[in-house]
Each structure stands twice: as structure tokens, then as C-alpha cells.
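Colleague: I would like to learn how to read the pockets of a model that is new to me, so could you take me through them one at a time?

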Amino acid sequence: MIVLKSPREIEKMHEAGKLLASTHKEIAKLIKPGVTTWDIEVFVDEYLKKHGATPEQKGYRGYEYATCASVNDEVCHGFPRKQALKEGDIVTIDMVVRLNGGLADSAWSYAVGEVDPQTQKLLDVTKTALYKGIEQVKIGNRIGDIGHAIQTYVEAEGFSVVRDFIGHGIGAVIHEKPDVPHFGFPGKGPRIKEGMVFTIEPMVNIGHWATKMDANGWTARTMDGSLSAQYEHTIAVTKDGILILTDQEEEKTAGSH
Ligand code: MF3
Ligand code: CO
């Protein structure tokens, strides 16, 4: 069942999303060679607390951390750890913020120092793929239109879209209906309606899309060892159009109004 959200509920999720966006913008300033994902984890935990929010991932289904930190060939759900990031690495930081009962979810990939051109292309294509998906979010379209747009674009750029992890509705809990695959066929899946709130979070690999699970039971990495990137926003469908609840641009200009 897809739970539709009221404008009031969407407003609360938007407040959580704005805080999440500002957290990512702080993380962007911290990422450099020598920093560890444990440093980022500690920063996020304290930053959210300072702003009256809590990290929803901590304790979720036994996950122990505020953030997921996935380095290089790690696709998602990497554990934060005390190992220095190196020049040329990429790292995806994913988190869910709870603020005044509202949830928002956003992942962002970061380059550590200078990365090679192919790696930069992976980051650029994955971020553009997210926005190609977002363009399809309109009342009357179907969920399948989102994945189709993402897959078509990514494959034309010579990369692949991960199949094993998908976007999801979000509301009272992190994972709700609908499922939002980043691949598939146009005109398929549920119709997009006012009040829906869901994530779009394509994971894109330089090589094959297949993933394998680490012994820790959480961390997925590419089967072929190729690099993987991910960008994720939480999107709300309102009667006046869509809202990117975790938009980092909107937050940037918020002070100027
Ligand atoms: N933020 C993740 C997502 O985008 C959810 C992580 S689940 C956790 O779906 F258990 F790792 F927290
Ligand atoms: Co996420």
C-alpha cells in the first residue's frame, strides 16, 4: 500500500531534508585525503544532535551507524571506519535524518582530492542520472518512467545501473511502498499521485551491474571490482508540482530571501 502524505507531513519532511542538505554541504568541506569515514560519522552524529535531529539509520534493522560510507567499489551500506581516504578515492555518504517526526534520505558521492577523468565521468553521469529520473516525476506519469529514463541515459554513457538496490517510498519509516527501480520500462508501475514521497537513488557502476555481499552482511560491492557511485534525493509530489526535499541548491539560497 502506498501511503499518501498531507501537505503538513510533507512540510515536516522538508525541514528534515533541508537539514540533511546542509549536512552534506558541511561534509563536502571535510572530505580530503587523510580524513576517515569515522571522522565523517562522528561529525554527522554531532551536527544532527546540535540541530535537534537524530540519525534514523542508527539502530535500523540492526545497522549501527548514523551514516553509510561506501568507498570505491563499495556500492552501498559501507560501514564508517578509521581508515584514511586517499587522493583519487570516491566515497558515498548516505544518511536518513529525523527531525520533529519528519524523515528525509539523501546520499551523495564525493571525490577525494583529484580523481582521474573516468572516475569524474562516473560521478557526473550518476548525478545527471538522478536528475533525469527526477524529470519524470509528475502527476500521471508512472514509476517505471523514472527507471527507464535513468537506465537509458546511463547505458548510453557506457556504464551500468545496479539492480539489487532500489529507491523507495519514505514516511513514518525509512522504507515504504512504492519500490522505485532505476531500470525498467516506461508506462509500467504505479501511477504518480499527489502526496507520494519517495527516493530516487541510482547506483551506477563503471563495469557490470552485478554486486556481491561482504561477510558483514551489509556492505555490497561490485562483483567485478569496478567503481560505483550514487546520488539520492527524497522527492515529494504536491498539487503545485514536485519538491526535492533534500535539495542542496535551495538550502544555499535560503538565507538570501
Ligand atoms: N539510506 C538508505 C537508502 O537510501 C537506507 C539505509 S538502510 C540502513 O535506502 F540500514 F543502512 F540504514
Ligand atoms: Co539513502
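Colleague: Which element gives the largest share of the lining of the second largest pocket?

Modeller: A pocket here is an open set of points on a 1 Å grid over the protein atoms alone, where a 1.4 Å probe fits, with protein on both sides within 12 Å along at least five of seven lines, and lining residues have an atom within 4 Å of a point. In this predicted model, the largest share of that lining, three residues, comes from α1. Both α1 (7-30) and β5 (102-111) supply at least two lining residues each, helices (H or I, at least four residues) and strands (E, at least two) being DSSP runs numbered from the N terminus. Among the residues lining this pocket are Glu9, Lys12, Leu103 and Glu176.

Colleague: How are the residues and the numbers to be taken?

Modeller: Residues are numbered from 1 along each chain as its sequence is written, and chains are lettered from A, with ligands numbered from 1, in the order written. Local features need pLDDT of at least 70 and side-chain atom pairs pLDDT 80 or more, while totals for chains, interfaces and linings use all residues, and side-chain values use heavy atoms, without hydrogens and water.

Colleague: What volume does the largest pocket have, and which residues lie nearest its centre?

Modeller: Its volume is about 390 Å³, counted as the space filled by probe spheres set on the points, which are joined across faces, edges and corners. Of its 20 lining residues, Tyr60, His77, His168, His175 and Trp218 lie nearest the centre. The second largest pocket holds about 160 Å³.
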